[in-house]
Amino acid sequence: MTTPAQEPRTVLCFGDSNTWGFNPDGGGRLPHDTRWPNQLEQQLNRRATSQAWRTIEDGLNSRTWLLEDPIGAAKYGAQYSCSGRSGLMTSLHSHKPIDMVILALGCNDCKDYLNLSAEQIADGARILIQDIRSALHCGPRERPDQTPGIVLMTPPLMVSTPQSRAWGYEGADRKSQAVASRYLQLARELEVLAFDVQKVASPSSLDGIHFDSQSQPAIASALADLIAKT
C-alpha cells in the first residue's frame, strides 16, 4: 500500500494589477512564468526541505481595500466590484486550506479622486486582516481552525508620470511612501509579517505604477526569504 503524497502548502496572493501582472508597456498581462506569484512558488520550492508549496494568483485590476471605483474599472466595462473586501472571503473559501495570505493592496486607494489619507488606507488593511482572522476553517490542512499566516505588502513607491496622472494618481508618489510607513506600523501592531516592496523593486518609468518583468524575480525572492523563515 503506497503512502499518499503530501499536499503542498498554499499561499494566496490577493492583490491588484501588480499581482495580476499588468505590463507597464501596455502589452496586457506579463507571461505566467514571469509574474511574481508564480516565481514565488518556484522560489519557495527551491528552499523547501520537505513539503512543497503552491501559490494562488488572485490579482484584479483597480482593486482597492474597501471602496468601489467605477471610474477605475470603466475601461473593463465596470463589470466587477473593485472592493477587495467584497471578494476576499469568497477567495479564502474557494482556495482553502490556506497556509499564508499575501495582502498586496493599497495602490489604487492612492488615487487622488478617492480622497483617502494614508491612515484611512491602512485602516482598510486592518479590516481585511481582521476578516482573515475571522474566516471559518480556512487555515492550514492540519489545523483549519487556525488563522493562515498573513503578509502585508506595501504598494510600490509610485512615480509621477503622464500616465499615472491620467489614471488619477496625482500626489501618489508622496502618499504611497506614507502608506508604506503606516503598513509597517500596522503589521507590528497586529503581529503580521510586513513586506516593504519599496526596498526591493521600483515601478517602471513607463507608467510609474506597475512593476516590469525585470522586477518580478526580486519581489518573488524577497517574499520567499520572508515566508521561508516562518
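Colleague: What are helix 3 and helix 4 to each other, roughly parallel or oblique?
Modeller: Helix 4 covers residues 118–134, and it packs against helix 3 at about 25° with the axes 10 Å apart. The axes are lines fitted to C-alpha atoms over the stretch in contact, with angles from 0 to 180 degrees between N-to-C directions. Angles under 35 degrees count as roughly parallel, over 145 as roughly antiparallel, 65 to 115 as roughly perpendicular and the rest as oblique. Helix 3 and helix 4 are therefore roughly parallel.

Colleague: And what kind of model is this?
Modeller: Residues are numbered from 1 along each chain as its sequence is written, and side-chain values use heavy atoms, leaving out hydrogens and water. With local features needing pLDDT of at least 70, side-chain atom pairs counting only at pLDDT 80 or more, and totals for chains, interfaces and linings using all residues, this is a predicted model.

Colleague: Which residues of helix 4 make the contact with helix 3?
Modeller: Contact here means heavy atoms within 4.5 Å. Helix 3 brings Gly-84, Arg-85, Leu-88, Met-89 and Leu-92, and helix 4 answers with Ile-127, Leu-128, Asp-131, Ile-132 and Ser-134.

Colleague: What are helix 2 and helix 7 to each other?
Modeller: Here the axes of helix 2 (residues 36–47) and helix 7 (residues 216–228) come within 8 Å and cross at roughly 45°. Trp-36 and Leu-40 of helix 2 are among the residues in contact, as are Ile-219 and Leu-223 of helix 7. Helix 2 and helix 7 are therefore oblique.

Colleague: Is Tyr-183, which pairs with Trp-65, buried or exposed?
Modeller: The Trp-65 and Tyr-183 rings have centres 6.2 Å apart and planes at 70°, so this pair is edge-to-face. Buried means under 20% relative accessible area, exposed over 50% and partly exposed in between (1.4 Å probe, protein chains only). Trp-65 comes in at 1% and counts as buried. Tyr-183, at 0% relative accessible area, is buried.

Conventions:
Helices (H or I, at least four residues) and strands (E, at least two) are DSSP runs, numbered from the N terminus. Rings of Phe, Tyr and Trp (its six-membered ring) pair if their centres lie within 6.5 Å; planes under 30 degrees apart count as stacked, over 60 as edge-to-face and the rest as tilted.
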